[in-house]
Amino acid sequence: MHFVMGGIAMSHFILFLAILHSILAVAPGDNSRDSNLLLRIKSELVDPSGVLNNWSPTAHICTWNGLQCSNDQMHIISLNLSGSGLSGPIPHELWNLTSIQTLDLSSNSFIGSLPPELGQLQNLEALLLYSNFLSGEIPEEIGALKNMRVLRVGDNFISGVIPPSIGNLTELRVLALAYCQLNGSIPIEIGILKHLQSLDLQNNSLSGLIPEEIRGCKELVNFAVSNNKLEGDIPLLGSLESLQILNLANNSLSGSIPTALSQLRNLKYLNLLGNRLSGAIPSELNQLVQLEMLDFSMNNLSGSIQLLSTQLKNLAALVLSDNALTGNIPSNFCLGSSSNLRQLLLARNKLSGQFPLAVLSCSSLQQLDLSENHFGGELPTSLDKLGNLTDLVLNNNNFTGTLLPEIGNLSSLENLFLFDNMITGGIPVEIGKLQRLKAIYLYDNQMSGPIPSELTNCSSLTAIDFFGNHFSGSIPATIGKLKNLVVLQLRQNDLSGPIPPSLGYCRSLQLLALADNKLSGTLPPTFRFISQLSTITLYNNSFQGPLPQSLFLLKNLKKINFSHNRFSGTIFPLSGSSYLIAMDLTNNSFSGSIPSRLSMCTNLTRLRLAHNQLTGTLPSEFGQLTQLNFLDLSFNNFTDEIPPHLSSCKKLEHFLVNNNQFTGAIPPWLGSLQELGELDFSCNNFHGTVPANLGNCSKLLKLSLHDNSLSSIIPEEIGNLSSLNVLNLQKNNFTGSIPSTIQNCKKLYELRLSENLLSGLIPYELGELTELQVILDLSRNLFSGEIPSSLGNLMKLERLNLSFNQLQGKVPTSLGKLTSLHMLNLSNNHLEGQIPSTFSGFPRSSFLGNDQKLCGPPLASCEESDVQRVKRLSRTAATGITVAIVLTSSAICLIMIYIMLRIWCKWRKVSISNSDGSGGKEEDKWGFGNEKKMVGEYWKVNSVALVPSETAEMKKQKGASCYTTSK
């Protein structure tokens, strides 16, 4: 009895202890293993939102946020902290919660990798770690989770291959590894997963073939592997009868579309875009009666369209753009109200014929895109049957005719794209009925007439683009009613008159393009209200007058082009925006100085102020424009030196200051502008030398320094400019010879060195500049020696000018090979010999002034020249002989006279002494008479000898030659 009573008491005591233990196990202040693990996990996480604040020993563990306990509250079976803003590495203690079945840490900022210890969670059924910053590889140990049904770890930085052990997860229903950096191939072991319903491997770098074993996933509903590098043929997937979504887009799959896809009778979504598929679209696909979306765009498919909305009754979207499909749309494509088709996109194919009337039966159609095909003819008047149409995209075809008034009946229309066709006529006034119209693009057609004011009734309009038509008249005065207008593109039409002031009330306007019209007048002051305006182009019009000061208030301007107008006054109103990227005011009448405020536009890349009347100096603050790559200040009246602060503009590619009044030396710091491609400092007052540093500008294509007062030698460093196309140094005071290093400028096609003081030989190395084409001009220098025969290598040369130098010798026969020459000038040198026969077509003036030593057409033939030379020599010799005879005779006569006078004197003395008067008179008469005659003859002959008729004629010709030269 006592033994029985003792046994009962003992059993009660044991039961009491058991109850007490269970109570203590879940009592506040629990110190169980899971509690300790979770508290350590909390301590290692960054929790800015305080989601884990109630994870405390003082609270019941099963009440902690995100936790779910088993029914007996003995174990943690679920931890869901999705989207809690947590960050940091996933604590390793987490992998010791072996009783957990669901772990959801998705949409946080966890980092680190998945450790092999993950395989310890044998009870895990769902692991959701997507949308974090996890990295590393998927551990092979994941194959130990035999109870896993859902594995979603996509949208991370996980890399490596998909482990084959994934095939051990035989209970897996969902495998989502999309948006990672996985590579390798899809493991064939996936085919073992008989219960897999969703396989999402999109946006990785998977390669290889799609395994045929995928057909083993009989319950697969969703198969998405888009945006990878998969290749080969599409496998035969007809056995996947449960498949509803097949997304193979953006891979490198090839071959034809398998007809076996027609067996997927439950398929709703089929996307094969962006592959290399070819061949025809199988007509058997019309059997996919459940299909709602089909996209075969961006492939190489050919043949005609055989898919019919009449059979694919649930099809809502058919996208076949960017292929090589031909023909037209079948006439039985749609059958009225039974069609659910809302999107038909056939852009960029080779479809042809008239507008496909079959689509007019697709009454549910909302988007129709037939752009960039070969459709032609007129638009049908029954186009308004598509009453639900929101987007009509017919651009880049050959449609003709006019825009019909029926367009106004498409009351749901939001976007009308008809650009780049051959549509004529005007815009129907019925366009004003389209209250939902947001964008109308009619550019590059042949439309004409006025822009109807009714268009401004389309109050939803955000974009108007009528570029490249023949619209005339004025801009509608009521344009200001379009409060939502963002883009107004009216460039290249025949619009006239002023800009309506109401345009200033289009306060949402960001782009205003009115260039290439006949607009005139001044800019309205209401422009100040267009505060969102970022781009304004008004070039090639007749606008005039000063700019409104209120333009300074347009703080968002980025691009301004007012070039080729008649604006005047200061440019200061355009300097209000610090966001300015490009400004072009070329060819106006702006005056005054450049506002230094422009230096605040630190993003300015292009500044073109050429052909104005601007004065003053360049602001030194321009050195702050470090993004500037195009600076054109040419044809103004700027003075003083180029400020050294511009050396900070390291991105400068075009630097043009020609035709101003700049002074000083060419700045040496130009050599530090490594991006410089065009440098034009011509027609100024620069002096001094060309800095050798310019040779550092290795990208320079054009160097023009002509019409200055530069002196000294051309630096040898010019040969470092191996990319140079144009070199123009003419009309300076350069001395010395052409540096031989110029042979390194292999890409030169224009070389002008005329009107300097260059001397020495023409370098033989010039013949290596075989790209010279436009001109080689070395005229009006002091070059001597012979013309180098190497110039005959310049086969592309069109103009050669070596005139007014001191060149000698013969014209090299090699120059005769220059068959591209159409201008040649070798005049005013000391050349001789025969002119190459290929030069016979050039005018005589090309060869004159060479001491009459050149011969051959167009000058006299060399034989005639030799005869004339002999004749000239004969006449000269005869004249010399005549002169010699005359002089000798005169000398003899003088001697005879002298002798006779001596005799006479002696005789006279004798005669006087004999007093014989009569004989003396007669002899005196004869003697003096003869002497006068002889003296007269002497002077006559002497005058002929000193001024021969031949020499006088030569002097006359020389005077004419000098006159020609002066001209």
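Select Lys 746 and Glu 768: their side chains form a salt bridge, at 2.9 Å from N to O. A salt bridge here is a side-chain nitrogen of Lys or Arg within 4 Å of a carboxyl oxygen of Asp or Glu. The two residues belong to distant parts of the chain, 22 residues apart: Lys 746 is in the loop between β57 (733-736) and β58 (750-752), and Glu 768 is in the loop between β59 (757-761) and β60 (775-777). Strands (E, at least two residues) and helices (H or I, at least four) are DSSP runs, numbered from the N terminus. Lys 746 is partly exposed at 39% relative accessibility, and Glu 768 is partly exposed at 35%. In these terms, buried means under 20% relative accessible area, exposed means over 50%, and partly exposed lies in between (1.4 Å probe, protein chains only).

Before going on, note that this is a predicted model, in which local features need pLDDT of at least 70 and side-chain atom pairs count only at pLDDT 80 or more, while totals for chains, interfaces and linings use all residues. Residues are numbered from 1 along each chain as its sequence is written, and side-chain values use heavy atoms, with hydrogens and water left out.

Next, select Arg 40 and Glu 93, whose side chains meet at 3.9 Å, N to O, in a salt bridge. Arg 40 lies in helix α2 (residues 33-44) and Glu 93 in the loop between β3 (87-89) and β4, so this pair ties together parts that are 53 residues apart in sequence.

Move to Asp 516 and Arg 491, another salt bridge, at 3.0 Å from N to O. Asp 516 sits in the loop between β38 (511-513) and β39 (518-521), and Arg 491 in the loop between β36 (487-489) and β37 (494-497), so the pair ties together parts 25 residues apart in sequence. Arg 491 is partly exposed, at 25% relative accessibility.

Then select Asp 322, Arg 348 and Glu 372, which are linked in a network of salt bridges.

Select residues 76-80, strand β2: four of its five residues are buried, so the strand is largely enclosed by the rest of the structure. Two strands pair if DSSP finds at least two bridges between them. Leu 67 stands opposite Leu 79 in β2. β1 and β2 form a hairpin with six residues between them, and Gln 73 in the turn has a positive phi of about 55°.

**Two open sheets**

Select the four strands of an open, parallel sheet, in the order β23-β25-β27-β29. β23 (326-327) and β29 (398-400) stand at the edges with a single partner strand each, so one side of each has no neighbour in the sheet. Strand β27 (residues 374-378) pairs with β29 over three bridges, and Glu 378 has Thr 400 as its bridge partner in β29.

Finish at an open sheet of five strands, also parallel, ordered β13-β15-β17-β19-β21. Strand β19 (residues 276-279) pairs with β21 over two bridges, with Gly 279 opposite Leu 301 in β21.
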